[in-house]
Number of protein chains: 2
Amino acid sequence: MKQKKVTFADIAAYTGFSKTTISRYFNDPDSLTLENQQKIADALTELDYKENKVGRILASGKTEFVGLIIPNLYMHFYSEMLSQILDTYGTYGYKFLVFAGNEKADVERKYIEELLAYNIEGMIILSGTVPSRELASYGVPVVGIEREDQFISSVNTDNYMGGVQAASLLRKSGCDIIIHVNADMPDSQPASGRIRGFVDTCKEYHLPYELILTHLGNTFEENRERISSLTDQLEQKYPGKRKGIFMPNDTHANVLLNILIQRYGSLPDTYQIIGFDNSPISREAVIPISTVGQQISVIANEAMKLLSEQMEERKKRRPAPQTGPVHRIIPPVLIRRETTA
Amino acid sequence: MKQKKVTFADIAAYTGFSKTTISRYFNDPDSLTLENQQKIADALTELDYKENKVGRILASGKTEFVGLIIPNLYMHFYSEMLSQILDTYGTYGYKFLVFAGNEKADVERKYIEELLAYNIEGMIILSGTVPSRELASYGVPVVGIEREDQFISSVNTDNYMGGVQAASLLRKSGCDIIIHVNADMPDSQPASGRIRGFVDTCKEYHLPYELILTHLGNTFEENRERISSLTDQLEQKYPGKRKGIFMPNDTHANVLLNILIQRYGSLPDTYQIIGFDNSPISREAVIPISTVGQQISVIANEAMKLLSEQMEERKKRRPAPQTGPVHRIIPPVLIRRETTA
């Protein structure tokens with residue numbers, strides 16, 4: 001996909017100048033004599049140098065820049081997804097302009113507008129702030145991950161299957177009541193599939209279940225407070241019962257686990273916990289947490305593959321007419337660790 | 001520092017076109033009639049539009065892009081620092097091209113060379129892969145954070161004071177032996193100050209101490225294995241003694257804490273633990289971890305302030321001659337939580 005690139009070292013070797021001099025040619029050309037500037041310019045032509053990106057922007061309008069918008073870096077899933085997406089540089093060569101909106105919708109929208117004015121070639125977006133209809137109207141390829149995606153391409157986990165897996169595991173673990181905690185969200189959000197998969201499985205097997213749809217907050221302090229009072233409620237409502245709890249993600253599962261250990265000294269055998277994501281915190285927790293794993297590395301690579309196909313198409317002299325959005329679904333992987341029987 | 005910007009919405013309101021049409025003008029102008037393109041172009045002139053960045057790159061060679069190179073996203077300190085630096089967009093308007101090298105030195109160097117060829121305006125670098133002498137030779141402002149910084153500007157915590165604070169806290173906590181675990185590193189690395197501060201304090205107060213200089217690995221699995229065998233060694237060497245352990249960072253302090261709880265069911269009173277950084281994991285741990293806090297938000301903002309001053313200077317018609325590197329030192333803050341007496 002990408003040609004072998006000529007490096008500063010190659011140009012230095014070819015011209016006999018130092019790498020410092022080559023760098024100065026690009027960044028501070030006036031510090032070189034006109035004669036030396038000309039020598040390097042000639043060498044670049046000989047070497048068919050690909051690196052003068054600003055020159056390429058002029059010629060083609062293409063920047064090899066991709067915007068990457070995440071909601072925050074607090075949730076371990078986003079941090080890990082960011083890490084995996086950045087790592088695709090070695091394969092695809094695209095560089096990422098990264099932004100974390102942290103719920104400031106106006107700043108995020110302004111950032112996206114700035115990126116578009118810079119002629120970024122495409123965008124990967126995990127944040128749900130801007131509706132997909134608006135994103136699609138920007139006229140650059142956009143791939144969404146785990147967000148509303150009606151008008152844009154996307155790569156998502158099979159969330160419904162994830163909900164089925166979580167409920168099925170808790171069913172086999174001998175719980176008296178199984179509970180799913182999640183945010184109340186519209187059907188257009190992929191994660192809502194987890195709720196449907198969970199409920200359908202409970203109904204199919206006639207399992208006693210409860211759905212607790214509530215917003216757990218955006219910071220650790222808010223999470224802690226709300227999950228703590230949630231625990232109080234469950235204790236009151238189901239004293240002595242074996243409770244199987246399917247948390248919305250591993251970050252929140254870990255908060256619940258730590259609250260229980262802080263209260264009882266260890267994880268009581270009346271609690272089983274399963275998270276979602278297989279983000280790093282699930283294996284780093286004091287008791288490794290069972291989880292419905294999103295294949296984060298697979299999703300990152302599929303998203304970049306899909307985006308780069310669309311970006312490369314646009315660079316052709318006669319691009320194929322745009323098709324509708326493409327939605328790729330990646331299966332979840334159930335990972336049994338120590339918080340379930 | 002930055003002028004009020006004209007948004008797509010402003011242009012839409014001025015011209016009577018939709019925001020979608022305005023976006024198309026920038027990204028897919030052929031989809032508009034020539035007449036409409038002209039109307040929008042005229043409006044941009046009237047509104048003194050600042051957003052056509054590619055046009056600005058042509059005119060000035062300036063991109064408002066800053067390269068941000070971190071070693072990895074596994075260590076919670078880097079993830080939090082990244083979050084805080086990205087958040088300066090609201091204040092300074094610079095956008096960040098982010099890369100995590102993950103110990104692949106050749107890929108990281110290539111990435112930096114690409115950024116330079118794109119005329120980024122400056123760089124913030126936490127990774128230690130490329131020596132500061134080489135970074136300084138690139139001819140763009142560079143600010144280092146917690147890395148070797150002889151030839152570049154930097155913002156660092158007062159690491160020596162941090163080592164003093166950690167040893168002093170453990171001294172008052174009635175330990176029989178106090179131990180500092182860290183990587184063996186050259187004096188040129190700011191974090192080496194922690195070791196000197198720790199040792200000087202132990203010597204000053206005639207405290208029994210041990211320095212364990214060893215590399216704990218780059219992944220959670222490596223950390224776990226090495227810290228686990230370290231714990232075996234300490235158990236053998238100091239059975240029944242009250243051990244105060246100063247870990248190199250909160251991520252590793254948390255691994256040690258979890259290993260001890262997994263072995264003994266709770267944190268034995270023969271162990272006291274203090275970390276470094278005040279990264280999120282220190283307060284999210286199952287027992288909140290005492291730590292020598294780096295003021296991460298202050299460091300992020302100081303680094304961006306220093307870098308933007310240098311970048312703005314370069315944009316002037318007659319920039320002041322470059323001075324030598326500037327080194328800013330931020331005091332650490334001792335945070336006593338539940339892993340020390």
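**Entry 1. Relation of the two chains.** I superposed chain A on chain B and found a rotation of 180° with 0.0 Å of shift along its axis, at an RMSD of 0.1 Å. The two copies are therefore related as by a two-fold rotation axis. I note that the model is a predicted one. I then looked up which residue of chain A comes closest to the rotation axis. A:Leu97 does, with its C-alpha at 2.3 Å. The same surface serves both copies, as 100% of the contact residues of chain A recur in chain B.

**Entry 2. Strands at the interface.** I found S2(A) paired with strand S2 (residues 95–100) of chain B in the antiparallel sense, over three bridges. In this pairing A:Leu97 stands opposite B:Leu97.

**Entry 3. Make-up of the contact.** I recorded 52 residues from chain A and 52 residues from chain B in the contact. Elements giving two or more residues to the side of chain A include helix H2 (19–27), strand S2 (95–100) and helix H12 (250–264). The largest share, seven residues, comes from H7(A). By class, I recorded 25 nonpolar, 16 polar and 11 charged residues on the side of chain A.

**Entry 4. A helix pair within chain A.** I examined helix H1 (residues 8–15) and helix H3 (residues 34–47) of chain A, whose axes come within 10 Å and cross at roughly 115°. H1(A) and H3(A) are therefore roughly perpendicular to each other, and the crossing is right-handed. Among the residues making the contact are A:Ile11 and A:Tyr14 of H1(A), with A:Ile40 and A:Leu44 of H3(A). I noted six nonpolar, one polar and two charged residues in the contact of H1(A) with H3(A).

How values were computed. Residues are numbered from 1 along each chain as its sequence is written. Chains are lettered from A and ligands numbered from 1 in the order in which they are written. This is a predicted model: local features need pLDDT of at least 70, side-chain atom pairs count only at pLDDT 80 or more; totals for chains, interfaces and linings use all residues. Copies are superposed by least squares on the C-alpha atoms of residues with pLDDT of at least 70 in both. Two residues are in contact if their C-beta atoms, placed from the backbone, lie within 7 Å. Axes are lines fitted to C-alpha atoms, for helices over the stretch in contact, and angles run from 0 to 180 degrees between N-to-C directions. Helices (H or I, at least four residues) and strands (E, at least two) are DSSP runs, numbered from the N terminus. Angles under 35 degrees count as roughly parallel, over 145 as roughly antiparallel, 65 to 115 as roughly perpendicular and the rest as oblique. A crossing is left-handed if the near helix is turned anticlockwise from the far one by less than a right angle, and right-handed if clockwise. Ala, Val, Leu, Ile, Met, Phe, Trp, Tyr, Cys and Pro count as nonpolar, Asp, Glu, Lys and Arg as charged, and the others, Gly among them, as polar. Two strands pair if DSSP finds at least two bridges between them.
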